Amino acid sequence: MLAVILWWLVIQLFALAALPLAWTLFARLPGRGYPFAKALGLLLVSFVVWLGASFRVLPNAVGGILAALLAVTALSVWLGRAGLSRGAGGERPLFGWLRAHWRLVFATELLFLLVLVGWAAFRAYNPDISGTEKPMELAFINGVLGSTFFPPQDPWLAGYSISYYYFGYVMLGVLIRLTGVLPEVGFNLGAALWVALTLIGAFGVVYDLVRLAGSRTPEAGSDEHGRSNPQSERRGIRYGLLGALFVGVMGNLEGIIELAYHKSLVPLSWIQWLDIKGLTDSAPSGGLTGGFWWWWHASRVIHDKDLLGNSIEVIDEFPFFSYLLGDMHPHVLGLPFVLLAIALALNLLLTARRWQPASETTDQTSRLTLHLSRFWRSLGELTGLGTPGILLSAVILGALGFLNTWDFPIYLALATLALGVGLAQQAGITWGVAGRTGAAGVVFALLGWLCYLPFYIGFQSQLGGLLPNLLFPARFSQFFVMFGPFLIVTVAFLLLAGRSAPSRRVLRGMLVALPWPLLIPVLLLGLIVLGLAVLPQGQAYIQEVLANPAVQANIGSSTLRDLVGLIVRLRLATPWTYLALALLIAWAAGVLWAHLGSADRGPGGQDDAGALDRPVTVPPRRPIPVDSFAVIMIGIALLLTLVPEFIYLRDLFGNRMNTVFKFYYQAWVLLALASAYGLSRLAERETPVALKAPALLLAGLLVLAGLWYPVAAIPSKADNFSVDRASGDPRPTLDGLAYLRRSSPADMAAIEWLRASVAPDAVVIEATGGAYTEYARVSMATGNPTLLGWDWHERQWRGNAGYEKLAAGRPEALEQVYRTARTEELPALLDQWGVDYVYVGGLERSKYKISEAALARLDSVLTRAYDRDGVLIYAR
């Protein structure tokens, strides 16, 4: 409990440091950035630490972190000085705002505390850092902690730095250093903290959207004293909590299908028709859930099969599944900052709606310089903070590339589109608006990249371009199991949003947009196939496909023409996901187009979309500005799910697994936020009962079905919170290596000796082994580099060419050190690889068949620095 309190105090300190800045940067939002202050503070402090350590001007140590915190505090106070200066009445505006909005402050802090404590308690009943990706993640954390400067050392490839998006592990390292907890404890505290940060971020986005929509109705204004309307604030809080529920708690519909299967509530043929991977591998249990790790099935709902019926791995995680699994992977670490970027995008839209171009200057500077100067000044005005606002926006958006690289282009697009829609709502759809929007997107992209340039300089990746998805369209039934509740709300919300603009304009916009999602993917797929047929590398790929026995069994020949015919037949047999997505994307585009054409621009292009301090009377059927933001989120989310229907990013897995995983994950976040907001709009008094009643009823039933998953999965993953004291079960504990202390106390004692006695950058070799095994446990737990850890992961991070170059000779060198090298060869071999210590434990003895003669070789040239319970550590 003390460790939880320490982490709570530190993150509150970061929030306090960033609050004046958040209050100013998010000035157009009703919540003034309060729910995002914690994430903003953590991001900025970690950014300063990382940047300083990358340029070797600030050490990655407690002193460096405190210096970064002071720098962020000073920046926040300076940029937020308007909120801290005493006004005419002697009150500081920020403090007055906090008092007036105590409900929001209380709800945010209560939600954060409950989730942090609650999920820490859950993690205490399944804390083990073993299996899946957890050992890799702890190795990265320890690698960061063991590095005085950056880039951090790679514990699994001695002599090289981490080649992965590691910013989230820098953040964890900052928190672990400041609180003084063990890394294995910090791992589980971090898991709880990130859930809490994500949920208050989702809460904040939906709170802002709902209150902004409410500001268009008379009852949502201020009271006679100018304070925020309590009714409006309470409504924002209610739906904000719903947004948190949708983003981070609700599961997909696989959980309720699991219940139906095991309780035999529906015919077995229905379950078999859905074809969810692994669900029917075992007979119905008769209970509420299946057996061991039944909850895993929810992440494998999209089930691709080759032409012979063999399963092909596809991942469709969603946030709660990730939290349940407990991995601290980049897609999880990026979530709070994704929500921060979404809030930034919303604020840009609102600022753009009220933006007035500055008066033209008449100086004698060159025409290009004058245009650039005007553009930079206008972009600064659109951020609300001038040049610092541009740079802060770039730091926030660019951080996504360092946290989880896939997210950067997605939320850069969201921010750019939001800015463009705001400008169009202010000035209409013009070429000038389009040009300014595109230029702003380019600036944010370049600056976001430049802010994190030291990371990109040394970054290697397994990605190798695009490949066509020829044979694996998603079945709509499985797609609905994944996104069902959100799809129902999306349809109802688009109907509602379309009512506030002329129906002819909606239909016209929809018809203009429809060919793009309907035809462009098909044309693109055709062009890719044509390119493959012409280019040498493409021809090799086509021949590989044609040589596949499954393909030959279906087309009976080896010609490209027959392959194209097979693709067409498969697409025609499973068209519904593609067609539904194309139709919904076109519909969303039509609604957005109609809204822009019907925007209330008023005098000077301003409106009161964000004015919560006075009642506003709005004629019926007038578009609500923030509806457009929800439509943008819906459109991007649907596009993300459409892309892997036709193309995927080429990687070592050779299929669309990772593309579906990464794109669906962000689609879930965007659809969840839009759905929570959409339900708030559907529940309004003005919504026709004929739309409201069925939409709320059906959505409510599906939401309840989705909530069954966490209700059933939490006790299942925590083993029903039972503890077997007789077997030495240490739970509840946040010590992620408690299992190792119990199962392999000799190894754990040696690891603790290494931590206390050996320099963090000393090379300690141990047995190498495959992914998801217990190999590389020493480097995982200490951060000390070994020659080679999980080889498959190193190959993923660096690509085939990079791995083959950097890892060449390492497995052989380990074999030589432990077994085959002659005594006189050992010193030169150890020098060649920079080895400082040789670890000999049970795994090493088993893997390398270490005999007494082999140990005698080591004894003759090395010193036994540690010898206890069968574990030997030799020092140079």
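Predicted model: local features only at pLDDT ≥ 70, side-chain atom pairs only at ≥ 80, totals over all residues.
**Stop 1**

Select β7 (863–868) and β8 (residues 871–875). Strands here are DSSP runs of E with at least two residues, helices are runs of H or I with at least four, and both are numbered from the N terminus. The two strands run antiparallel and are joined by five bridges; two strands count as paired if DSSP finds at least two bridges between them. β7 and β8 form a hairpin with two residues between them, and D869 in the turn has a positive phi of about 50°.

Now widen the selection to the open sheet of four strands, whose order is β5-β6-β8-β7 with mixed pairing. At the edges are β5 (764–765) and β7, each pairing on one side only. Strands of a sheet pair through backbone hydrogen bonds, either parallel or antiparallel.

**Stop 1: aromatic pairs**

The structure holds 52 aromatic pairs. Rings of Phe, Tyr and Trp (its six-membered ring) pair if their centres lie within 6.5 Å; planes under 30 degrees apart count as stacked, over 60 as edge-to-face and the rest as tilted. Select Y164 and Y165, a stacked pair at 4.6 Å centre to centre with 25° between the planes. Y164 has 9% relative accessibility and counts as buried; Y165 is buried too, at 10%. The cut-offs are under 20% relative accessible area for buried, over 50% for exposed and in between for partly exposed (1.4 Å probe, protein chains only).

Next, select F483 and W668. Their ring centres are 6.3 Å apart and their planes are at 45°, so the pair is tilted. F483 lies in helix α21 (residues 476–499) and W668 in helix α29 (residues 657–682), so the pair ties together parts that are 185 residues apart in sequence. F483 is buried at a relative accessible area of 0%, and W668 is buried at 1%.

Stay in helix α29 for L671, which is buried with a relative accessible area of 2%.

**Stop 2: charges over rings**

Select R32 and W23: the charged end of R32 sits over the ring of W23, 3.6 Å from its centre. Such a contact requires NZ of Lys or CZ of Arg within 6 Å of the ring centre and within 35 degrees of the ring normal. K847 lies over the face of Y848, at 5.8 Å from the ring centre.

**Stop 3: the largest pocket**

Which residues are closest to the centre of the largest pocket? Select L417, V421, A589, L592 and W593, from a lining of 35 residues. About 1100 Å³ of space lies in this pocket. On a 1 Å grid over the protein atoms alone, a pocket is an open set of points with protein on both sides within 12 Å along at least five of seven lines, a cavity is a set where a 1.4 Å probe fits but cannot get out, and lining residues have an atom within 4 Å of a point. A volume is the space filled by probe spheres set on the points, which are joined across faces, edges and corners.

The largest share of the lining, eight residues, comes from α27. The lining divides into 27 nonpolar, seven polar and one charged. Ala, Val, Leu, Ile, Met, Phe, Trp, Tyr, Cys and Pro count as nonpolar, Asp, Glu, Lys and Arg as charged, and the others, Gly among them, as polar.

**Stop 4: backbone details**

Select F150 and P151, joined by a cis peptide bond with omega of about 10°. P151 is in the loop between α7 (134–145) and α8 (167–179). The peptide bond from R731 to P732 is also cis, with omega near -5°.

P732 is in the loop between α30 (689–717) and α31 (738–743), and D719 is found in the loop between α30 and α31. D719 has a positive phi near 55° and is partly exposed at 42%.

Terms used: Residues numbered from 1 in each chain as written. Heavy atoms only, no water.
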